[in-house]
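Dear colleague,

Here is the structure for you to look at. My notes follow below it.

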Amino acid sequence: MPVHDGHPWGDIGFEVPRGPCIMDRPYRVVDYLIRSLHQVGVRHIFGVGGANIEDLYDAAHHCDGAVRAVVAKHEFSAAAMADGYARTTGRLAVAVSTSGAGAMNLVPGVAEAYASRVPLLAVVGQPPRPLEGRGAFQDTSGLAGSFDASRLFSTISRYCARVDDPADVAPALADALTATRALPGGPAVLLLPKDVQQAVLVDPPPIDELLAARQTPVAASATRERAADRLADLAGEPVLVIAGDEVARRGARAELAEFVAALDARVAVVPDGKDVFDNHDPRFVGVAGVIGHPSVTDALRRARLCVLVGTRLPVMARGGLDALLAGTELVSFGAEPAFPDPDALHVDGDLRAELRAVTARLRAARPTPAPPARADLRFLTVPPFEGEGMRLRDAVEAIGAAVPDGATVVADAGNAAAGVIHYVATPRDGRFVVALGMGGMGHSLGAGIGAALGTGARSYVVIGDGGFLMHGMEIHTAVEHALPVTFVVVNNNAHGMCVTREQLYYDDAYTFNEFRPTDLAAGIRGMFPTLPVTHARTPDELRAALAASGETRSPAVVCVDVSPREIPPFVPFLNHLDTVSPQGAPHDQPVVAVG
């Protein structure tokens with residue numbers, strides 16, 4: 001399935017394809033939901049079954065495969081699948097769960113989508129209305145001492161509605177879909193009692209009509225001309241653009257590239273927006289923030305002005321840059337003002353339209369300069385490590401060398417992710433996913449599956465053993481659906497970043513975060529006899545295993561052993577090593593220390 005790099009319902013209105021899901025039996029609320037979701041471009045829903053959501057799966061079954069239901073092993077992973085699907089395609093994604101524990105397991109995934117502004121619809125079943133407040137199993141109505149799912153999900157969504165009247169499902173769905181794309185974007189949640197799901201509908205309003213009525217043009221930013229004037233005044237002066245994940249969500253990659261060329265700027269990206277600008281372009285200076293490149297610092301130091309495009313520059317994206325940012329003029333383009341200086345000149349409105357307009361002004365003022373002759377990308381210097389296992393940099397550089405154009409790279413939390421973000425360039429025409437909104441361990445397993453389903457291209461998931469031990473059984477989902485996902489499990493028998501923090505900040509006097517050693521490759525091979533599983537002990541073996549997996553359309557697993565004692569490319573750790581006393585006594589942690 002091709003990647004759609006823009007608004008899933010068109011630039012100016014909701015483009016609703018006609019298709020299957022015509023019913024020859026009583027037309028229920030769940031049938032309306034599935035048909036409407038298909039009409040707005042949804043082809044997969046991700047979830048886990050249960051009594052209070054099973055009717056939605058029944059509707060998917062009766063839809064002749066128009067909307068495919070993918071059952072995960074855990075609701076968090078189902079939300080992660082939807083998240084990865086949305087991030088890599090630009091389309092709406094859907095996660096579903098039953099009530100009670102199922103709904104609670106969905107919470108961290110919805111919270112990640114909220115923090116990262118990912119367009120995601122969560123459909124959460126509820127007990128039948130007559131039983132709520134009367135001891136219903138998995139009651140989350142807020143009645144008679146039960147907790148209130150509506151209040152909970154309202155805090156982590158852009159829109160949350162409990163639908164108690166079947167007649168209200170159509171407008172509630174339209175409101176939810178609209179909220180996922182309205183600035184700044186994010187998840188919406190529908191809470192549906194089981195008897196409401198089963199209710200028969202007669203002539204419900206078509207979803208396209210409801211969506212069209214809610215579609216309002218985004219006004220041009222009042223500050224656009226001021227920003228254009230200021231940027232035009234800087235002709236020939238050094239400018240740094242730091243681009244972020246909103247560029248991907250708004251389908252503005254092409255507009256960003258044209259803007260950068262007209263401005264003759266150098267470009268950095270934030271970690272979770274690594275794929276919004278060509279990492280092989282000579283203007284590219286690397287990743288900003290705590291996993292960032294020294295070349296970004298160099299470019300910011302030289303810049304007369306810094307332009308943020310599609311990022312508010314949170315701590316993970318600006319760690320180590322605060323002092324330079326404080327002394328540099330700032331202009332931002334995006335839905336929300338910048339964290340470093342909320343009072344800086346801010347251009348809101350539709351990101352694509354604003355970039356196009358300002359680019360046109362810049363081109364009218366001067367010809368577009370030629371790009372630089374070569375890239376100026378520098379990497380961090382990490383302490384040498386002579387212990388057991390493959391060096392982290394060797395492992396991730398082998399991954400980078402083996403990943404083909406058009407693929408998706410998905411990084412999990414921890415030391416391995418730091419290595420991938422720092423050393424592995426986004427493949428040409430490919431995507432890069434890392435969940436930094438909540439930083440949930442194990443998110444990459446589901447996200448890689450969702451990305452493979454959404455793009456049709458192979459996903460390469462890089463995850464530590466800590467994250468794998470949390471949600472590794474999602475490999476089973478990839479096997480069931482024969483998906484092109486290569487899972488690279490970087491095993492240090494530890495929560496590696498936590499071990500590093502103990503080592504650096506607490507005198508290395510103890511550890512709670514190293515585990516009894518495991519042979520993950522042997523275990524996975526035993527569970528899945530038909531799955532290609534490789535235990536790669538050298539970079540050459542790793543490259544060969546990755547190359548072999550890329551020649552098939554099936555999942556594969558490659559396990560690599562590294563040491564938890566190796567320091568990853570993480571700016572706060574390296575800054576701490578630079579400031580530690582000669583006796584090795586640790587100083588206070590810097591403000592940017594996260595982990």
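Start at Asn491, which stands opposite Asp561 in β18. Bear in mind throughout that this is a predicted model.

The strands in question are β16 (residues 485–491) and β18 (residues 556–561), which pair in the parallel sense over six bridges. They belong to an open sheet of six strands, ordered β14-β13-β15-β16-β18-β17, with parallel pairing. At the edges stand β14 (431–434) and β17 (533–536); each has a single partner strand, so one side of each has no neighbour in the sheet. On average, neighbouring strands of this sheet are turned by 15° against each other, direction ignored.

The helix α22 lies across β16, β17 and β18. Relative to β17, α22 runs at about 170°.

Next, the backbone. As background, most residues other than glycine have a negative phi, and most peptide bonds are trans.

- Asp64 has a positive phi of about 55°, although it is not a glycine. Asp64 sits in the loop between α2 (54–61) and β2 (68–71). With a relative accessible area of 70%, Asp64 is exposed, the cut-off for that being over 50%.
- Asp508, also not a glycine, has a positive phi of about 55°. Asp508 is partly exposed, at a relative accessible area of 34%.
- The peptide bond from Leu183 to Pro184 is cis, with omega near 5°. Pro184 is found in the loop between α6 (169–181) and β6 (187–193).

Last, the cysteines. How many disulfides does the structure hold? The count is zero; a disulfide would need a pair of cysteine sulfur atoms within 2.5 Å. Two cysteines can be described by their accessibility. Cys306 has 0% relative accessibility and therefore counts as buried, since the limit for buried is under 20%. Cys498 has a relative accessible area of 29% and is therefore partly exposed.

Regards

Key
Residues numbered from 1 in each chain as written. Predicted model: local features only at pLDDT ≥ 70, side-chain atom pairs only at ≥ 80, totals over all residues. Heavy atoms only, no water. Helix = DSSP H or I, 4+ residues; strand = E, 2+ residues; numbered from the N terminus. Buried < 20%, exposed > 50% of the residue type's maximum accessible area, 1.4 Å probe, protein only. Pairing = 2+ DSSP bridges. Axes fitted to C-alpha atoms, helices over the stretch in contact; angles between N-to-C directions. Contact = heavy atoms within 4.5 Å.
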